[in-house]
Amino acid sequence: MNNALRITVFAAALAATFGTAYGVGRGVDPLVAAEDRPAGQHAGHGEGEEGGATRGAGRAAGLQISDGGYTLALETPTMRAGARTAIRFAVVDDTGRKVTAYQREHGKELHFILASTDLTEFRHLHPVRAADGTWSTTVDLPKAGGYRAFADFTPAAEGAENLTLGADLAVSGTYRPAALPAPSAVAEVDGYRVALDGRLRAGRSGELKLTVSRNGRPVTDLQPYLGAYGHLVALRSGDLAYLHVHPNEGGPGPVVSFVASVPSAGTYRLFLDFQHEGKVRTAAFTVRVPASGQGAADRHESGTGAPAGHAH
């Protein structure tokens, strides 16, 4: 077996191993207990908003493939790096039937997110549902390795809660491990500069402010994307626990602010989706959250600038 083939086989095996390793985190602390969750923040679309159902504490979002009587059935568990591939999946209920009715959240029945386990690749997709309940979308993932697929949805069944389910995806090819990008309060994407101000604190809520500029000038005409001027997803390094927050009330830029809380110290990767001139772009940040009670040096290391202006 030549070296290239060995690496390819190793990538697929490593992806499967990642899935097992990250699965250990399924019993880890909840992202935010329901009673402590700030207004406007939830572990998936729709929780805590406009009287929507709220999940109880006990598990971090996105770490379970099955929850609440529903299972994410990924029909395309493998693909090849660099090849545009159709991914098919379904949400099945506890009788094995594919779910065909959903509540719409932010203009969509279901939000589908892919993230590499090293948190250097991220895709926020909106697949199409066939009449039989099968969802499909196409994606080109440039890097081999392990990925996590997240489905964020609320079934239309009476009393159903918002769920974020996760499943492992293996992308074959020549695997080159990548280190998590260093913490930084600034991200560059397609000529845009996004500055992050605020601080994530373990077990406490705070405000994150993201300021968008281009060519040294503030962008004051951000366009609504899925009914908001920005969407923020946070993933915890190690187990990829999932947190989805939405912005506070505000205008079309340059600042988009969010209330967020994380359950534990550790390293998190933040992904901000924003739309300008008809195109959605994603700015990514690495943030280190110190243990409660640690000092100013840890706050500086977090890479998020000054402490949050206020908590909700």
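Two strands are taken to pair if DSSP finds at least two bridges between them. Helices (H or I, at least four residues) and strands (E, at least two) are DSSP runs, numbered from the N terminus. The model is predicted, so that local features need pLDDT of at least 70 and side-chain atom pairs count only at pLDDT 80 or more, whereas totals for chains, interfaces and linings use all residues. Residues are numbered from 1 along each chain as its sequence is written, and side-chain values use heavy atoms, with hydrogens and water left out.

In strand β13, Tyr192 is the bridge partner of Val189. Strands β12 and β13 (residues 192-198) pair in the antiparallel sense over four bridges. The two strands form a hairpin with two residues between them, and Asp190 in the turn has a positive phi of about 50 degrees.

The protein has two helices and 20 strands. Five of the strands make up an open sheet with mixed pairing, in the order β4-β11-β10-β6-β7. Its edge strands, each pairing on one side only, are β4 (78-80) and β7 (122-125). From one strand to the next the twist averages 25 degrees (axes are lines fitted to C-alpha atoms, for helices over the stretch in contact, and angles run from 0 to 180 degrees between N-to-C directions). Strands β10 (residues 145-153) and β11 (residues 163-172) pair over nine bridges in the antiparallel sense, with Gly145 opposite Val171 in β11.

Ser264 lies in the loop between β18 (255-261) and β19 (266-276). This residue counts as buried because its relative accessibility is 17%. The side chains of Ser264 and Arg236 are joined by a polar contact of 3.1 Å. A polar contact is a pair of N or O atoms within 3.5 Å; within protein, one must be able to donate a hydrogen and the other to accept it, and residues adjacent in sequence count only if both atoms are side-chain atoms.

Of the 312 residues of the protein, 49% count as buried. Among contacts (heavy atoms within 4.5 Å) between residues at least 6 apart in sequence, 67% join residues at least 24 apart. The accessible surface of the protein, computed by the Shrake-Rupley method with a 1.4 Å probe, comes to about 13,300 Å², of which 50% belongs to carbon and sulfur atoms.

Conventions. Buried < 20%, exposed > 50% of the residue type's maximum accessible area, 1.4 Å probe, protein only.
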